[in-house]
Amino acid sequence: MNLLIDEILKKSEAAPVQKYTSKDFQSDQDVRWCPGCGDYSILAQVQRVIPDLNIPRHKLVFISGIGCSSRFPYYMDTYGFHGIHGRAAAIASGLKIARPDLSVWVATGDGDGLSIGGNHLIHTCRRNIDIKILLFNNQIYGLTKGQYSPTSEFGKVTKSSPYGSVDHPFNPLLVSLGAEASFVARSLDRDPKHLQSVIRRAAEHKGTAFVEIYQNCNVFNDGAFFQFTEKETKEENVLYLEHGKPMVFGKDRDKGIKLEGFTPTVVKLGDGKHSLEDLIVHNEKDTMLSFILARMSNIETLPRPVGVVYAVQRPSYEMEMGRQIQEALQKQGEGDLEKLLNHGETWTIK
Amino acid sequence: MTKTLKDLEEVTIRFAGDSGDGMQLTGMQFTSTTALLGNDLSTLPDYPAEIRAPAGTLFGVSGFQIHFGSTEINTPGDSCDVLVAMNPAALKVNLRSLRDGGIIIANRDGFSAKNLKLAGYETNPIEDESLSKYQLHSVDITKLTHNALQELGLSTKIVERSKNFFALGMMYWMFTRPMEPTIKWIHEKFKKTPELVEANIRVLKAGYAFGETTEIFGARYSVKPATLSAGKYRSLTGNEAIAWGLIAASVKSGLELFLGSYPITPASDILHELSKHKNFRVKTFQAEDEIAGITSAIGASYGGAIGVTTTSGPGLALKTEAMGLAVMLELPLVICDVQRGGPSTGLPTKTEQADLLQAVHGRNSEAPIPVIAASTPADCFTAAFEAVRIAVKYMTPVILLSDGYLGNGAEPWQIPDAASLPDISPKFRTDPQGFQPYMRDEKTLSRPWALPGTPGLEHRIGGLEKEHITGNVSYDPENHEFMVKMRQAKVDRIAEDIPPASVYGEKEGELLVIGWGGTFGAIRTAVETKRSQGKSVSHLHLRYLNPFQKNVGSILTSFKKILVPELNLGQLSQLLRAKYLIDAHHYGKVQGLPFRAIEIESKIDELLT
């Protein structure tokens, strides 16, 4: 079968490889987020990491839904698709299945991805379609001007919850792990280096990569994550996960996480009772551990884990579909329309 | 005893039983054999929404009607000549479709006290005189099936499951059909369980032999082959035809076919059929919901495939917002709506044509989408092919309307020569020189199809209003109005690119019957009947519902009266009245059933007196 797409694929492959800088990924559109918004940093870190990935600019596609975060594609000088509310993951799924040659990214938010688009998000994760999902979590609805979101804390007073929200929030890491994502990570808008490293890891992952990014909305929910991002407090409140390393944290790296049964607890190192050997060693491939780490976010007395929580390899959806098609082609040969129309029971009238 | 052999021009048979009795399979076998004999035919499966409704109940009755003949057959038959009833419930539900003097073949063993009670009969209708205006034949089908399989030592369950083949055997005898095609089919179908092959063939032959030897049947019948135009034929359901039409369009256009779909009755068979054809590189994505079905298809179209989504009315409602997105993005997309009874969940397994206004208007704001409709099961092939042609040429979503009756119904189809199908020639933009995402082709007004992966064409699209030419987000008031009108003009322009509507019968006269979709057969039959009686009546059947063909207006004004039969409360008539300011007489039926030709004939008579 002569496929029209082959011409595009050929051109796509033949284009000379360029060395890009972050500037090459800045589009000519004025960025219209509020001054001081955490989205600026996320955009900057993506633009910084992408040139290192050796993906030609014309093969990159950013897809979004609706919300502040979903303006993202307009500001990337790549292919971009600003969809409708909640549907970015489904649009991206269709694109990636049709075009496995492309590098497909989704920019979404806590409302877009976990409320109106929750269904698409979870099903994309379980199918393991090779797309990168960056979920900007600011725990508020920004574009609609300040209602509580599915990640807002219980009791939060907002425009739509003047007496405090009675909604229990989602934990995005648990949602994605529960949905069988093969790559789950968390990072922060105000930690550029860390965010870059997580984006890089997500890009390198083959399969659905889910990244929750704590993002400050300085207009409607200012400071929601400051305890994890500000110099004075972050060392005491954040646990930076590193594969194969014991879980140590604290300004003086004097605290660690130990498992008591299934419950993580904070222990003091060098108190004569605990040493590095007592601590959990992070293992990205450990499914059970990933749930424990994700659950830590719900416990106030524990530091907040950031970094790659979980990363395992399993076949991606579009690869499996491609395999079935190749097998069918080998077994039955290229589809023949004449044969299709004439197969089975037919009769001739003279 | 010798039995007379009578020649019939046409016959309608209805097989009816419990939903577990295998009536659909029996009907389909009778259909394929009849098709092989060269009769023209039309079928109507009629089954309950429940997979296995409680045995013996009225709502668990499953029926299959086939109308075949040596003349042109356009409908599954207004009433049946023969009713095969496997139990009292099947008799009760279907008796009203049997003509006076028609034949009933009842499975006497199925008329147990329990089943009679379930069907609400106080006395046994096959024993009292209540059926005296019919030719009633009570046959011990269950018992005779047991006898036929006595030596095989099979379980009662297996034995009773094959009793439908006894009924089929009897019908083959009665209508002089060969058993060989079904025997061949049984070998294929049950090849993994040889004891079922043996059992079903024995029972089939026993049924045939029973017809031969019993004294209760006085006559058997032959139906000569129809004078269909010369060529190679096959039987095809509407849902299969849509699937194949889409594949054909994929082959002819060189575009990959992507289906994003969520299972829904009565459209799921399109998904099933397309998922088989991986060697045509068809990608079927069973989405998590209707919205993901359409949005994934939009994503695939963005990537250069023919994105298709298939659904029925409730699903179409869920896809509404995404259809608007496709209008804004100006990407090709085909949305197939196999209509069913509604509103809401309505009558999932029954037919209706009440989604027309939803298809034409059912979106927020001004979101014009071309709408086309298939008129017969086999016509679904051509309609699907045409939907793709328009979608690709005009860079627009297209809604293809079918219905449950077309989707499940089957008719002989003259197989087209694959090479002679028209080419579809889409173009992908590759030249970065002068490229703008919303520049337009002068003739079609379509924008370029610029795929991700193409060096130098990086651009952004989305649901926000687009600036003319650049495609940048624009809130400019004049630009918005311009773009709203531009999208409308593009769809209107399709009228320049479709063949003119053609009238069956005189081009002017007393009465024009105008219809669309699955009512074709009933309307055509009624109009033919009335014309043979010398009435001045013509028929126009619309393929294109949006935009209408250019000559529709002048056709309408060439007749004194206009009759619009529809399986709804007057949706096409509303569109015609609004556009052409004519007095269209609506004639509606919303019972989940197709029109009977006779109903339309009476309405024609009424308007012509």
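Residues are numbered from 1 along each chain as its sequence is written, and chains are lettered from A and ligands numbered from 1 in the order in which they are written. Because the model is predicted, local features need pLDDT of at least 70 and side-chain atom pairs count only at pLDDT 80 or more, while totals for chains, interfaces and linings use all residues.

Chain B holds 21 helices and 22 strands; these are DSSP runs numbered from the N terminus, helices being H or I of at least four residues and strands E of at least two. Its C-alpha atoms fill a box of roughly 85 × 60 × 45 Å along the principal axes. For 609 residues a compact globule would have a radius of gyration near 25 Å, and the 26 Å of chain B agrees with this. That radius is taken over C-alpha atoms, and the globule rule is 2.2 Å times the number of residues to the power 0.38.

The domain assignment, automatic or from a database, divides chain B into domain 1 (4-223), domain 2 (235-420) and domain 3 (509-608). The C-alpha centres of domains 1 and 2 of chain B lie 34 Å apart. Where they touch, 13 residues of domain 1 of chain B meet nine residues of domain 2 of chain B, a contact being two C-beta atoms, placed from the backbone, within 7 Å. On the domain 1 side, β3(B) gives the largest share, six residues. By class, this side has eight nonpolar, four polar and one charged residues. Ala, Val, Leu, Ile, Met, Phe, Trp, Tyr, Cys and Pro count as nonpolar, Asp, Glu, Lys and Arg as charged, and the others, Gly among them, as polar.

Between the chains, the contact takes 63 residues from chain B and 61 residues from chain A. On the chain B side, α11(B) supplies the largest share, nine residues. That side has 32 nonpolar, 20 polar and 11 charged residues.

In chain A, the axes of α2 (residues 39-49) and α7 (residues 192-204) come within 9 Å and cross at roughly 55°. Axes are lines fitted to C-alpha atoms, for helices over the stretch in contact, with angles from 0 to 180 degrees between N-to-C directions. α2(A) and α7(A) are therefore oblique to each other; under 35 degrees counts as roughly parallel, over 145 as roughly antiparallel, 65 to 115 as roughly perpendicular and the rest as oblique. The residues in contact include Ile42(A) of α2(A) and Leu195(A) of α7(A).
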